[in-house]
Amino acid sequence: MLRYLGFWLGPQCKDKLIAALLAKYKDRIHKIASAYTAQAATAVAYNRDAITVMGYHAQLLVFPREAYDLEAKSFSHLLKIPHRSFATDLPFKLKEVGSVNFTSLQVLNFAAMYRTAIKTIPDWEEIYRALHAAADEYLPISLRVDEKLCPAFWDTEPIVCNLRSAVQGFPQILQNPRAVKQALRNTRNSKHIQKQVSAALLPILHPMTLPAIFRKRLNSMLPELGLHIRAIDWDAALSVLKQTKRCFASICCVKTWCNAWTTSARMHDAQQMSCLFGCEGESDNIQHYLRCERLWNPIFQRLRISP
Ligand SMILES: [Zn+2]
């Protein structure tokens with residue numbers, strides 16, 4: 001096993017390669033989370049200092065499942081919210097409520113690899129043909145039946161196979177490679193190819209819309225209000241959030257709609273606290289805060305509207 005230009009190469013190098021990469025990513029996330037900044041500033045720091053650690057390897061490696069698990073965990077750590085309360089797709093769409101998107105690891109991976117195949121190493125096909133010819137000549141038929149191009153003791157795919165997969169729309173990984181392929185084709189002659197590919201891939205790799213996420217979360221939080229939730233004009237609500245000059249307020253709304261406040265009920269704490277505004281006999285949970293008189297009465301008074 002050897003390290004060449006930052007990549008561990010050789011048989012059974014996967015663990016070493018991935019572990020070193022994820023450790024650095026995790027360390028950066030921890031440093032950003034320790035600063036306790038608001039969501040927009042946190043996302044800027046994450047996009048600049050954390051995910052960029054993965055950018056170099058993203059050009060040639062397909063990230064494993066554990067990288068995405070770490071990414072999902074990092075959002076609860078960075079935003080101080082319960083695990084996965086923003087669903088899988090919401091952190092990448094916060095621009096739609098006037099804040100800053102987190103960069104998606106999968107979008108970065110696929111866009112960087114596609115750009116590499118098209119622009120940086122455009123002669124990969126020649127290398128692929130040479131590898132294919134060598135596999136036909138030297139590999140056992142049992143591996144060739146499964147279309148393997150390397151011996152079984154290599155636990156990572158040949159880099160050139162990853163580049164080929166990128167150009168083909170990642171058929172082994174994605175359920176709808178035709179849509180991906182079409183989106184990639186439309187960006188092929190673009191000047192800023194990685195940026196264009198990222199924009200094209202975002203709605204394909206993260207298809208859940210904000211209204212769908214909010215509706216789902218609100219329905220599970222307040223099932224008795226199903227009819228009212230269905231009647232919400234989400235276009236209007238999102239437009240108001242987007243126009244607000246304070247994206248901190250937008251994120252507070254989003255956290256409420258997603259039941260993402262870390263109340264003791266939501267965190268399943270062993271010791272359940274009571275209402276933080278002092279209501280007797282009421283527990284520390286979002287269902288109570290939505291109608292907590294001690295919270296809302298001063299707000300109604302200030303806004304001069306009747307409760
Ligand atoms: Zn209360």
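## Helices H9 and H10

In this predicted model, the axes of helix H9 (residues 177-186) and helix H10 (residues 193-205) come within 9 Å and cross at roughly 160°. Axes are lines fitted to C-alpha atoms, for helices over the stretch in contact, with angles running from 0 to 180 degrees between N-to-C directions. H9 and H10 are therefore roughly antiparallel to each other (angles over 145 degrees count as roughly antiparallel). The crossing of H9 and H10 is right-handed, that is, the near helix is turned clockwise from the far one by less than a right angle.

On the H9 side are Ala179, Val180, Ala183, Leu184 and Asn186, which meet Val197, Ala200, Leu201 and Ile204 of H10. Residues are in contact if their C-beta atoms, placed from the backbone, lie within 7 Å. By class, this contact has 8 nonpolar, 1 polar and no charged residues (Ala, Val, Leu, Ile, Met, Phe, Trp, Tyr, Cys and Pro count as nonpolar, Asp, Glu, Lys and Arg as charged, and the others, Gly among them, as polar).

## Helices H6 and H8

The axes of helix H6 (residues 124-138) and helix H8 (residues 159-167) come within 9 Å and cross at roughly 125°.

Trp124, Ile127, Tyr128 and Leu131 of H6 make the contact with Val160, Leu163 and Arg164 of H8. Sorted by class, the residues are 6 nonpolar, no polar and 1 charged.

## Buried face of H2

Helix H2 (residues 39-50) has Gln39, Thr42, Ala43, Tyr46 and Ala50 buried (20 or more other C-beta atoms within 10 Å of the residue's own). Seen down the axis of H2, these residues fall within an arc of 100°, so they line one face of the helix; the arc is that of the directions from the helix axis to the C-beta atoms. They pack against helices H1 (14-33), H3 (52-58), H4 (65-79) and H14 (247-257).

## Glutamine 243

Glutamine 243 lies in helix H13 (residues 234-243). Glutamine 243 is exposed, with 9 other C-beta atoms within 10 Å (12 or fewer count as exposed).

## Whole chain

The protein chain has 16 helices and 2 strands, taken as DSSP runs (H or I, at least four residues; E, at least two) numbered from the N terminus. Of its 307 residues, 28% count as buried.

Residues are numbered from 1 along each chain as its sequence is written. In this predicted model, local features need pLDDT of at least 70 and side-chain atom pairs count only at pLDDT 80 or more, while totals for chains, interfaces and linings use all residues.

Notes:
Two residues are in contact if their C-beta atoms, placed from the backbone, lie within 7 Å. Angles under 35 degrees count as roughly parallel, over 145 as roughly antiparallel, 65 to 115 as roughly perpendicular and the rest as oblique.
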